[in-house]
Amino acid sequence: MLKSTKNITLNGRSEFEVEGQSKIAATMTAVVSESGSFSKNENVIDVVLYEAHKAEVQADMKAFGELAYEMATETAVAE
């Protein structure tokens with residue numbers, strides 16, 4: 001018997017201009033299930049760029065986490 005679930009995937013990235021090119025310092029992913037449970041991952045892609053912009057990247061990660069929590073709450077309330 002087929003059982004399926006619906007998930008929402010949220011992706012984000014922290015990027016900066018370096019010598020006229022956009023470079024990614026870190027990526028974030030969250031998967032929110034129908035019930036409102038979720039998982040969140042943060043990956044540093046470019047350590048040198050991350051270290052140069054650590055406060056900004058961490059602020060982006062915090063904002064992303066808040067967005068994921070908000071989506072999870074909205075999804076759980078909608079049920």
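Is Glu 42 buried, exposed or partly exposed? Glu 42 is partly exposed, with a relative accessible area of 38%. The structure that contains this residue is a predicted model. The secondary structure of the protein consists of 2 helices and 3 strands, and from the N terminus on these elements follow the order β-β-β-α-α. The radius of gyration is 15 Å, well over the 12 Å that the globule rule gives for 79 residues, so the protein is more spread out than a compact globule.

**Confidence of the prediction**

- The average pLDDT of the protein is 92, and 95% of the residues score at least 70.
- Among the elements, helix α1, formed by residues 47-52, has the highest mean pLDDT, at 98.
- Helix α2, formed by residues 54-78, has the lowest mean pLDDT among the elements, at 90.
- Where pLDDT is low, the predicted coordinates should not be read in detail.

**Overall dimensions and packing**

- The C-alpha trace spans about 55 × 25 × 20 Å along its principal axes.
- Of the 79 residues in the protein, 27% are buried.
- Among contacts between residues at least 6 apart in sequence, 49% join residues at least 24 apart.

**The sheet**

- The strands form an open sheet of 3 strands in the order β1-β2-β3, with antiparallel pairing.
- Strands β1 (7-18) and β3 stand at the edges of this sheet, and each has a single partner strand, so one side of each is left without a neighbour in the sheet.
- On average, neighbouring strands of the sheet are turned by 15° against each other, direction ignored.
- Strands of a sheet pair through backbone hydrogen bonds, either parallel or antiparallel.

**The pairing of β2 and β3**

- Strand β2 covers residues 21-33 and strand β3 covers residues 38-44; the two pair in the antiparallel sense over 7 bridges.

**Glu 19 in the loop between β1 and β2**

- Glu 19 is placed in the loop between β1 and β2.
- The phi of Glu 19 is near 50°, a positive value in a residue other than glycine.
- Most residues other than glycine have a negative phi.
- With a relative accessible area of 81%, Glu 19 is exposed, because a residue counts as exposed over 50%.

**Ser 14, a buried residue of β1**

- Ser 14 lies in strand β1.
- The relative accessibility of Ser 14 is 0%, and Ser 14 therefore counts as buried, the cut-off being under 20%.
- Leaving aside neighbours within four places in sequence, Ser 14 is in contact with Lys 23, Ile 24, Ala 25, Ala 26, Met 28, Val 57 and Asp 60.

**Salt bridges**

- A search of the whole structure finds 3 salt bridges.
- The side chains of Arg 13 and Glu 15 meet in a salt bridge, at 2.6 Å from N to O.
- Within this pair, Arg 13 counts as exposed at 53% relative accessibility, whereas Glu 15 is partly exposed, with a relative accessible area of 35%.
- Glu 42, the residue of the opening question, forms a salt bridge with Lys 40, and the closest N and O atoms are 3.5 Å apart.
- Lys 40 counts as partly exposed at 32% relative accessibility, and Glu 42 is partly exposed at 38%.
- Glu 51 and Lys 54 form a further salt bridge, with the closest N and O atoms 3.3 Å apart.
- Glu 51 counts as partly exposed at 46% relative accessibility, and Lys 54 counts as partly exposed at 33%.

Definitions and conventions
Residues numbered from 1 in each chain as written. Predicted model: local features only at pLDDT ≥ 70, side-chain atom pairs only at ≥ 80, totals over all residues. Heavy atoms only, no water. Pairing = 2+ DSSP bridges. Helix = DSSP H or I, 4+ residues; strand = E, 2+ residues; numbered from the N terminus. Axes fitted to C-alpha atoms, helices over the stretch in contact; angles between N-to-C directions. Buried < 20%, exposed > 50% of the residue type's maximum accessible area, 1.4 Å probe, protein only. pLDDT = per-residue confidence, 0-100. Salt bridge = Lys/Arg side-chain N within 4 Å of Asp/Glu carboxyl O. Rg over C-alpha atoms; globule rule 2.2 N^0.38 Å. Contact = heavy atoms within 4.5 Å.
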